[in-house]
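Open the model in your viewer and keep the selection panel at hand.

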Amino acid sequence: MSVEEAEAFFRRKPFEDLGFGKVDVHRKLRTGSAEVVFCGGKADEHLLSLYEHIYAEEGEVLGTRATQHQADIIQTRFHEAVYDPVSRILKVEKEDKPHSGLVCVCSAGSADMPVAEEAAQTAEFMGSKVLRVYDVGVSGLHRLLASLEDIQHANCVVAVAGMEGALASVIGGLVSKPVLAVPTSVGYGASFHGLSALLTMLNSCANGVATLNIDNGFGAGFMASQINLAICKGGNHE
């Protein structure tokens, strides 16, 4: 860029004040990843404004917990926007984006898929290759073991489970890479909307298991991608 362009760039505020909120336009410079939009609860006009400003800066936008109504609004402005009603991811993504390394996302049951898909699609958006191994809960351990070699090949594993949340401990005892445990709110009354799975994962006897918040697929996918890409930069491009 020219000297004048560089001067204008450094004079710009590190955020854009939109009145209702402030877009952190320098977040990618500080952290390596642009701001992500949590769509839930946002007014239609505010959501559209956020997508427009982030897209102008980055050429792409990732939104989480979006509704079909919000997707319709964004897709009217961005025809290339993609909405997945399972994960509730609403994204405008660059074409031909490279993906590196490998993150494996495992889910205990099909009811955990919304959270697992939020993790998987977040990791993909951040630039990681993702392997999905779904419906491999501990009540049928042979299903998990059938995919064990592929799971062990990943640089990071995300274990998503509700009910008693035992999947993370089992995987943690079988792999040499970090395991990110995500409890889900799936279960009957005594599961307390995911609290039982959360406590199981926090008290895991397996080494190398870190636990995220209930239903936080986004947080797991983001962190898994950070771990995976850091390994790739270190020379392991498997």
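Select Lys 97 and Glu 60 in this predicted model: both residues are buried. Their side chains form a salt bridge, 3.0 Å from N to O. Lys 97 sits in the loop between β6 (89-92) and β7 (100-107), and Glu 60 in the loop between α3 and β4, so the pair ties together parts that are 37 residues apart in sequence. For Lys 97 the relative accessible area is 18%, and the cut-off for buried is under 20%.

Glu 93 is partly exposed, with a relative accessible area of 25%. Which residues make up the network of salt bridges here? Show Lys 91 as well: Glu 60, Lys 91, Glu 93 and Lys 97 are linked in it.

The model has 8 salt bridges by the rule used. For another of them, select Arg 77 and Glu 52, whose closest N and O atoms are 3.3 Å apart. Arg 77 belongs to helix α4 and Glu 52 to helix α3 (residues 44-58), so this pair ties together parts that are 25 residues apart in sequence. Arg 77 is partly exposed at 43% relative accessible area, and Glu 52 is partly exposed at 29%.

Next, go to Asp 84 in strand β5 (residues 82-84). Asp 84 is buried but has no salt bridge. How far away is the nearest side chain of opposite charge? That side chain is Arg 132, at 7.3 Å. Beyond neighbours within four places in sequence, Asp 84 contacts Ile 89, Glu 117 and Gln 121.

Now turn to the backbone. Arg 65, in the loop between β4 (61-64) and α4 (68-77), has a positive phi near 55° without being a glycine. Arg 65 is partly exposed, at 23% relative accessible area. Phe 192 lies in the loop between β10 (179-183) and α9 (195-202); its phi is also positive, about 50°. Phe 192 is exposed, with a relative accessible area of 54%.

Finally, select helices α5 (residues 113-125) and α10 (residues 217-233). Their axes come within 7 Å and cross at roughly 35°, in a right-handed crossing. On α5 the contact residues are Val 115, Glu 118, Ala 119, Thr 122 and Ala 123; on α10 they are Gly 217, Phe 218, Gly 221, Phe 222 and Ser 225. By type, the contact has 5 nonpolar, 4 polar and 1 charged residue.

Definitions and conventions. Residues are numbered from 1 along each chain as its sequence is written. This is a predicted model: local features need pLDDT of at least 70, side-chain atom pairs count only at pLDDT 80 or more; totals for chains, interfaces and linings use all residues. Side-chain values use heavy atoms; hydrogens and water are left out. Axes are lines fitted to C-alpha atoms, for helices over the stretch in contact, and angles run from 0 to 180 degrees between N-to-C directions. Helices (H or I, at least four residues) and strands (E, at least two) are DSSP runs, numbered from the N terminus. A crossing is left-handed if the near helix is turned anticlockwise from the far one by less than a right angle, and right-handed if clockwise. Contact means heavy atoms within 4.5 Å. Ala, Val, Leu, Ile, Met, Phe, Trp, Tyr, Cys and Pro count as nonpolar, Asp, Glu, Lys and Arg as charged, and the others, Gly among them, as polar. Buried means under 20% relative accessible area, exposed over 50%, partly exposed in between (1.4 Å probe, protein chains only). Lys and Arg count as positive and Asp and Glu as negative; His and the chain ends are not counted. A salt bridge is a side-chain nitrogen of Lys or Arg within 4 Å of a carboxyl oxygen of Asp or Glu.
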